Amino acid sequence: MSEINLLESVTAFLRRSHGHYINGVSILGQENETFSVVNPATGETIAMVNQGGENEVNQAMQAASTAFHGVWAETSPMERGNCLNRLADLLLKNSEQLAQLESLCSGKPIQLSRMLDVGASADYLRYFAGWSSKISGETLDVSLPSFKGEKYTAFTRREPIGVVVGIIPWNFSIMIAIWKLGAALTSGCTVVLKPSEYTPLTMLRVAELAKEAGIPDGVINIVNGSGAGVGTHLLTHPLCAKVTFTGSVPTGKLIGKSVMEHGLFRATLELGGKNAAAFLSDMPVEKIVDGVLEAGYMNQGQICAAAERFYIPSVHMDAVLKLLSERLSAMKIGSPLDETTEMGPLANKEHYEKILSLFEKARQEGSEIVYGGHALERKGFFVMPTVIRAKSADDTLMKEETFGPIGTFLSYDDEEELIAMMNATPFGLSASLWTNDLGKAMRMTSRIEAGILWINMHTFLDPAVPFGGVKSSGMGREFGSAFIEHYTELKSVIMRY
Ligand code: TXE
């Protein structure tokens with residue numbers, strides 16, 4: 001056991017009274033209600049947080065709007081980039097504190113928190129920082145003829161959209177918030193973020209670091225509370241210019257409907273799905289199992305782009321399931337604060353109960369549970385990594401997102417049938433193809449319905465490569481240059497002379 005000691009700054013932070021971060025100040029807000037933050041590894045409450053309400057939403061939106069008009073949109077692009085780079089420096093300087101907070105609140109193994117929620121967040125910030133000085137319009141030639149010798153010139157400007165509301169899930173409470181914050185701030189927008197009610201602490205600390213980095217008050221605001229309460233107030237607030245959401249498909253649809261009803265029309269929705277990983281028959285069994293472990297089980301399967309449907313050539317199926325079960329049985333499940341832990345608990349009780357009910361569903365439907373399929377007998381929200389052999393493509397676990405450490409497997413013989421099965425879903429966030437025949441992979445690429453397709457890899461996101469879903473998995477793209485369109489308005493100017 002190599003359980004790390006909590007830093008004194010972490011225990012001190014947990015002991016504080018928590019609420020919101022508005023206009024450069026931590027505040028408790030005016031609501032009397034509080035909610036608890038539960039450590040999923042123990043089931044114990046580790047902090048209490050004040051629930052926000054309409055009042056806090058109004059204050060935060062007003063602060064963000066004032067900072068947008070008076071300060072941030074007027075800040076030079078270079079200085080905006082410098083601010084984001086300084087915030088990246090401070091994330092790394094406070095890396096261990098942030099990683100420990102993330103692991104305590106979400107159950108993520110500490111090594112992953114260090115690598116992704118802190119390390120990758122700093123990289124994303126630096127990537128977005130570089131864009132601040134490169135967002136520009138273009139000059140255009142007017143196409144119609146002039147009648148009396150007059151001349152025209154035209155150009156476009158990319159102008160920041162205004163106050164962006166970011167609704168954040170619990171699986172990467174820092175990194176996903178940083179995706180939204182980095183894109184908004186580099187474009188000249190200001191933000192009001194609502195973290196998940198399961199992981200409300202980490203961004204409160206990041207907001208303090210943002211102040212230290214020289215980001216002006218009001219540019220970043222955090223309001224904590226429920227989706228139905230704080231979330232709804234934010235989305236319907238008249239100062240909200242855009243919403244960017246990552247989370248479940250049902251909530252995403254609700255948010256999409258709500259923003260349209262309130263005349264907002266600007267939403268980026270990054271939702272989940274039921275991602276497929278398909279292994280072609282030239283792949284050896286060991287490589288298939290390595291691929292399945294990479295694609296399906298990281299962070300207890302709680303990654304929106306992770307694979308949940310696995311298609312295996314029937315000739316390899318038995319051997320793959322046998323070796324995979326052996327590899328999973330050697331996986332170290334334990335405390336997220338143990339540096340050797342490979343799999344922690346599920347992030348919260350509701351999610352744990354949902355996963356247990358899906359195990360039950362698989363049993364009722366007669367799917368074969370090859371490995372796992374039950375909770376661990378210990379406190380906290382631990383379940384076994386699980387392998388299920390589906391009866392057919394109609395099994396619930398081949399269709400519904402579990403968001404857990406569950407791989408469901410179906411064999412195939414024919415590659416045309418494989419493509420049809422991969423696409424037979426209302427979702428389309430990600431997919432992967434595994435083969436040494438790159439020519440075949442390239443021919444299949446255009447036929448697979450997914451926003452991101454990996455070849456011989458899975459779940460690898462990069463700030464330079466656009467990310468987002470097709471079909472019911474969302475709309476809009478994060479990263480690359482694609483984000484610019486979603487955080488700026490394109491203004492055309494035509495001049496006669
Ligand atoms: O997600 P929600 P929950 C999946 C996963 C999980 C299930 C439910 O399968 O079991 O979703 O988790 C806010 N207006 N994913 O309930 O509801 C909410 O407060 C405005 C996949 O946590 O999507 C939180 O901040 N906001 C996913 C955020 O939305 C609302 C990651 C996400 O919550 C709202 C998380 C409303 N009406 C869960 N209702 C992924 N794809 O990455 C809720 N929220």
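**The ligand and its shell**

In this predicted model, the residues of the shell around the ligand divide into 12 nonpolar, 10 polar and four charged.

Reader: Where does the ligand lie relative to domain 1 and domain 2?
Author: Domain 1 covers 8-272 + 474-496, and domain 2 covers 276-455. Both give residues to the shell around the ligand, so the ligand lies between them.

Reader: Which residues come nearest to the ligand?
Author: There are 26 residues around the ligand. Those that come nearest are Trp-170, Glu-197, Ser-248, Thr-251 and Lys-354.

Reader: How many Å separate an oxygen atom of the ligand from an N or O atom in the side chain of Lys-354?
Author: A polar contact needs a pair of N or O atoms within 3.5 Å. For an oxygen atom of the ligand and the side chain of Lys-354, the distance is 2.6 Å.

Reader: How much of the ligand's exposed area does the protein bury?
Author: Taken alone, the ligand exposes 810 Å². The share of that area buried by the protein is 85%.

Definitions and conventions: Residues are numbered from 1 along each chain as its sequence is written. This is a predicted model: local features need pLDDT of at least 70, side-chain atom pairs count only at pLDDT 80 or more; totals for chains, interfaces and linings use all residues. Side-chain values use heavy atoms; hydrogens and water are left out. A residue is near a molecule or strand if one of its heavy atoms lies within 4 Å of it. A polar contact is a pair of N or O atoms within 3.5 Å; within protein, one must be able to donate a hydrogen and the other to accept it, and residues adjacent in sequence count only if both atoms are side-chain atoms. Accessible areas come from the Shrake-Rupley method with a 1.4 Å probe; for residues, only the protein chains shown count as cover. Ala, Val, Leu, Ile, Met, Phe, Trp, Tyr, Cys and Pro count as nonpolar, Asp, Glu, Lys and Arg as charged, and the others, Gly among them, as polar. Domain bounds come from an automatic or database domain assignment.
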